Amino acid sequence: MTVEEFEEFYEHAVRRLTGQLYVMLGDLHEAQDVVQEAFVRGWSRRRQLARDGAPEAWIRKVAWRLAVSRWRGLRRAEDAWRRHGGPPDVAGPDTGPVELVEALRELSPQQRRTVTLHYVCDLSVEQIAAETGLSGGTVKTHLSRGRAALAGRLRDPYSEEAPGV
């Protein structure tokens, strides 16, 4: 992949990948950070990305792994704060998140990732299995359980009756 091809790939894929990781992670700034870092890492591997034929999947996978690595670091820091009498509790700003992202945050990380890859990234069960390293049956299980959990949290705006009807 030449410099121009990589720049064109970046231009066409960065928003889509950021959106996908946002839905997976539930945090827009974190999604932007990990996607940018994944593209930085992809820059030095651009020739190999072209040979592999799936640069978007590679960037998405690297971004996901970066996010998981950050979570582990945050968990260790949180444990250290607890052991040493952490910082005072301060209420965070109201972000006003989208209803879907809030509902997805309630799922386990693996269910959230699987549901996002299937419904947002439009990947098949086989593609998800290849990208995540899970078996097809496990992917189907995560999708089924994720749908069931989301059904209880999300309302269908088309099924409600209009007021006064």
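Visitor: Why is Trp 43 called partly exposed?
Guide: Its relative accessible area is 34%. Buried means under 20%, exposed means over 50%, and partly exposed is in between (1.4 Å probe, protein chains only). The value 34% falls in between, so Trp 43 is partly exposed.

Visitor: What does this rest on?
Guide: This is a predicted model, in which local features need pLDDT of at least 70 and side-chain atom pairs count only at pLDDT 80 or more, while totals for chains, interfaces and linings use all residues. Residues are numbered from 1 along each chain as its sequence is written, and side-chain values use heavy atoms, with hydrogens and water left out.

Visitor: How do you know whether Phe 6 is buried or exposed?
Guide: Phe 6 has 5% relative accessibility, which is under 20%, so Phe 6 counts as buried.

Visitor: What makes Phe 6 and Trp 43 an aromatic pair?
Guide: The search of the whole structure finds five aromatic pairs. Rings of Phe, Tyr and Trp (its six-membered ring) pair if their centres lie within 6.5 Å; planes under 30 degrees apart are stacked, over 60 edge-to-face, and the rest tilted. Phe 6 and Trp 43 are 5.3 Å apart centre to centre, with 75° between the planes, so the pair is edge-to-face. Phe 6 lies in helix H1 and Trp 43 in helix H2, so the pair ties together parts that are 37 residues apart in sequence. Helices here are DSSP runs (H or I, at least four residues), numbered from the N terminus.

Visitor: Why is the pair of Tyr 10 and Phe 39 called edge-to-face?
Guide: The centres are 4.8 Å apart and the planes stand at 80°; that angle is over 60, so the name applies. Tyr 10 is in helix H1 and Phe 39 in helix H2, 29 residues apart. At 29% Tyr 10 is partly exposed, whereas Phe 39 at 3% counts as buried.

Visitor: Which residues form one aromatic cluster?
Guide: Phe 6, Phe 9, Tyr 10, Phe 39 and Trp 43.

Visitor: What is Phe 39 in contact with, leaving aside its neighbours within four places in sequence?
Guide: Contact means heavy atoms within 4.5 Å. The partners are Phe 6, Phe 9, Tyr 10, Ala 13, Val 14, Leu 17 and Ile 59.

Visitor: Which residues of the largest nonpolar core touch the most other members?
Guide: A nonpolar core is a set of buried Ala, Val, Leu, Ile, Met, Phe, Trp, Tyr and Cys residues joined through side-chain atoms within 4.5 Å. Of its 39 residues, those are Phe 9, Leu 21, Leu 25, Val 34, Val 35, Phe 39 and Ile 59. Helix H1 gives the most to this core, with 10 residues.

Key: Helices (H or I, at least four residues) and strands (E, at least two) are DSSP runs, numbered from the N terminus.
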